[in-house]
Amino acid sequence: MRWKRYLAIVLIILALTVTACGTKQPEIKQQSEAVLIYNLGTEPEILDPAKASGRPEITVMAALFDGLVRYNEKNELNKGSGMAVDWAVSPDGLRYIFKLRQDAKWSNGDPVTAGDFEFAWKRLLAPETGAEYAYQLFYLKNGQEYNSGKVTADQVGVKALDSYTLQVDLASPTPYFIALTATSNLAPLNKKVVEANPDWHKAVETYVSNGPFELVSWQHHQKLELKKNPNYWDASSVKLDKLVMTMVESRDTELIMFQNNEIDIGENPPLQEMRKLISEGVATVIPDPSTYYYIFNTSKPPFDDVRVRKALAYAIDRKAIVENVLQAGQKPALAFVPFGFSDASAEKDFRVVGGSYFKDNDVSEAKALLAEAGYPGGTGFPEIEFLYNTNESHKKIAEAIAHMWKENLGIKVKLVNQEWGIYLNNRFQGNFQLTWSGWGPDYPDPMTFLDVYVSDGGHNETAWGSAQYDGLIGRAKLSGNSKERFALMHEAEKILMDEMPIMPIYYYVNVTLYKPWVKGVFSPPFGPQQEFKWGLIKK
Amino acid sequence: MLRLAFFLLRRLVTCILAMLFVVTLTFFMMKALPGGPFSKEKKLPPTVMANIEEKYRLNDPIFKQYSDYLWRIAKLDLGPSFRYPGSSVNDIIKRSFPVSAALGAIAVFVALTLGVTTGLVAGLRPCQMADRILVFVSAIGFSVPSFVLAGMLQHFFSFRFNLLPAALWGSPQHAVMPVIVLAALPTAVISRLVRIQVMEVMQQDYIIMAKAKGLPSWRLILFHVMPNALQPVITYLGPLIAAVFTGSFVVEHIFAIPGLGKYFVTSIHNRDYTLIMGVTIFYSGFLMAMNLMVDLIYALLNPQVRYPGWEE
């Protein structure tokens, strides 16, 4: 009888095992095809362009969709680079008339029309869509009003005059509006397909796009497979037959896969390998127009005193931090707006024109300021608390800075880390003395940085405000004169650096690993992590 | 048979009550956490946030949210994920559990085979060479953290000798390293359990009696030693299967396995409310089912074991 019992056990275990098996085999890569494997690094949250909010999602969208315009390798936006072959702007800067190309088709063969843009933009704004990036279209006349349910869709300032003419009315002049139309949130959607099936973006079978590539498969938390879109208007420029985007999250694993030729492009290698990879030329460093900085809570002592804020900002050695802690070629930040934004004359850089607002590692000046504020040599200065979310990089930077403040000013700092959600909550509610922040552009203009710190700015967590600053930003926003606008922005930035509610530390970089046979793929400063349209494999 | 059915029914009712408790506790603890699924560093404009909260019914009073949720899970609908709005929680579990379970099944099979054999060998001849080596090896299995083991395997098998793909999922080769990592600790635990039990059983009078009667040693081991020595292993098997079949965050992160384990960690980090609830409910249900299975196997192995409501 006993063998029956053994049999029962084996059967139970076997039944469990058998039901659990049965996974799909991966497709084998064919020799003749030009296949590029890129590690996206994470599962995209969604493949609906209206709701793409993170950089990985935007990277996938840029490969699948073509907006009115598309950046080229020189970071230019030319007429005819996307769906728009030409456009005209009214003298007051409020009305744009776009002429669309007539040879553009969706991946299912339908023509791409102005109606598809009108539909997609109104869908992005519609309250029931619940899109996070709806505010990218608050520039449109009645855009914000429609999003908050005050007006109806037909009052929004976007209209298809005919199949290939799109009329756009703005709420106020927006010099960077053309650049905004390059973002994936503003990509067109096939009205017929989307209206017929609101879940079109969830399955590969119903997915329709108008860009260089089309979607072949989506294996969740594994990989996305894209292939060249034969219906793309510029298909002759697309040399890759297939584009695979893997979702390997571990940076150590990614590096092994790169070294084993299992992937062709990877990003952000582990810190301990960074220096070696850069010096060997394996890793490419590209400046990223974003700034890492600390924010002071200016509503509470000791940071309600500008001299204290300045003393702390001057007393750190940014060069030492980027060279010894970060090690990836970041640049010390001595102003808020990073490099990479053009000034009044387009060939000049806003940062170069504005220059630095203070000296790095200016310990003597810092000591003098602290003494002036009543804390000579740090005597009587309370121990301060630096709040951060649990993360190795923030911790290392904070430790270095705490050390410098102790050595240079005699100030003690306690590091307090919290889980991300809890941390954000405390930061938004002003429950902090000192914390970190990072800011990247929503559009390619210094204003995307500077308007953060207006008194009632939604992201201004410093409790700092200046009527003069607000006035300069307000005037710059309404100015139709480019020279005056940039002069006002430089003036505003000077005030911000004189008052120092924020303490710039460094400008970010993107570190990418490209296999030597990968050509034509680049990391543009705005939008996707990598641009694949012109990519090719040369082995 | 009727008694067995009655016993199962009783267990089912207990499970449902326990589940209700788990759901309630998780729901309110989760809601008590600061932050929400849409709080990001770049704060959203208030009108946009209001639209999102309306869409996901996050602006309802909490008890209404709770009762709505209970009503929905009664219909076995776990709702849409907040983080991955393209997928429902049911979809996410449906596509990731088979992967974790397949890996887990192989790992449990490996752990059982290796653990029982080595434990038996060691327990039959304690304090001899083989025993000493096995005790040493199992001490390593106990103490090396899985991420260290995973990194070492990757370094040697993928980077140095290029024998196996470093990560991803799809072919038998992809499963080798994850299975080793997953099986390491359970193998060590099972091996030790079996060793101690075998040593103890071998001292029992009935074994000495059986030996004295001249029973062949294979019969002795298979029918007299094993059934008794395996009982603690079977007790351990319930929670083990529940834990290993539902995936491991570390293994899935390092080897990029599309399994269920990652969601136990990331859903909380993302405040993905429906996904937190979904994986918790799924795990609890699975654990209860495994414990029931263990109880049944236990009774099959040992006729003396009977549970309340199942007395003969």
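Two residues are in contact here if their C-beta atoms, placed from the backbone, lie within 7 Å. With that in hand, welcome to this predicted model. In chain B, 73% of the contacts with a separation of 6 or more join residues 24 or more positions apart.

**Chain B**

- Chain B has 13 helices and 0 strands.
- The C-alpha trace of chain B spans about 85 × 60 × 30 Å along its principal axes.
- Chain B holds 312 residues, and 38% of them count as buried.

**Where chains A and B touch**

- Here 52 residues of chain A are in contact with 48 residues of chain B.
- On the chain A side, at least two residues each come from helix 1 (2–20), helix 4 (143–147), helix 7 (251–259) and helix 14 (420–428).
- Helix 1 of chain A gives the largest share of that side, with 8 residues.

**The nonpolar cores**

- The largest nonpolar core has 153 residues, and the ones with the most contacts inside it are A:L243, B:L103 and B:A107.
- Helix 4 of chain B (residues 89–124) brings the largest share of this core, 16 residues.
- Leaving aside residues up to four places away in sequence, B:A107 touches B:V179, B:L182, B:A183 and B:V244.
- A second, separate core has 65 residues, among them A:Y314, A:Y388, A:V452 and A:F486.

**A closer look at helix 12 of chain A**

- Helix 12 of chain A covers residues 363–372, and A:A366, A:L369 and A:L370 are buried in it.
- Seen down the axis of helix 12 of chain A, the buried residues fall within an arc of 100°, so they line one face of the helix.
- As a general point, an α-helix has 3.6 residues a turn, so residues three or four places apart point the same way.
- The cover over the buried residues of helix 12 of chain A includes helix 9 (306–314) and helix 13 (392–409) of chain A.
- After helix 12 of chain A comes A:G374, with a positive phi near 105°.

Terms used:
Residues numbered from 1 in each chain as written. Chains lettered and ligands numbered in written order. Predicted model: local features only at pLDDT ≥ 70, side-chain atom pairs only at ≥ 80, totals over all residues. Helix = DSSP H or I, 4+ residues; strand = E, 2+ residues; numbered from the N terminus. Buried ≥ 20, exposed ≤ 12 C-beta atoms within 10 Å, placed from the backbone. Core = buried A, V, L, I, M, F, W, Y, C linked by C-beta atoms within 7 Å. Arc of directions from axis to C-beta.
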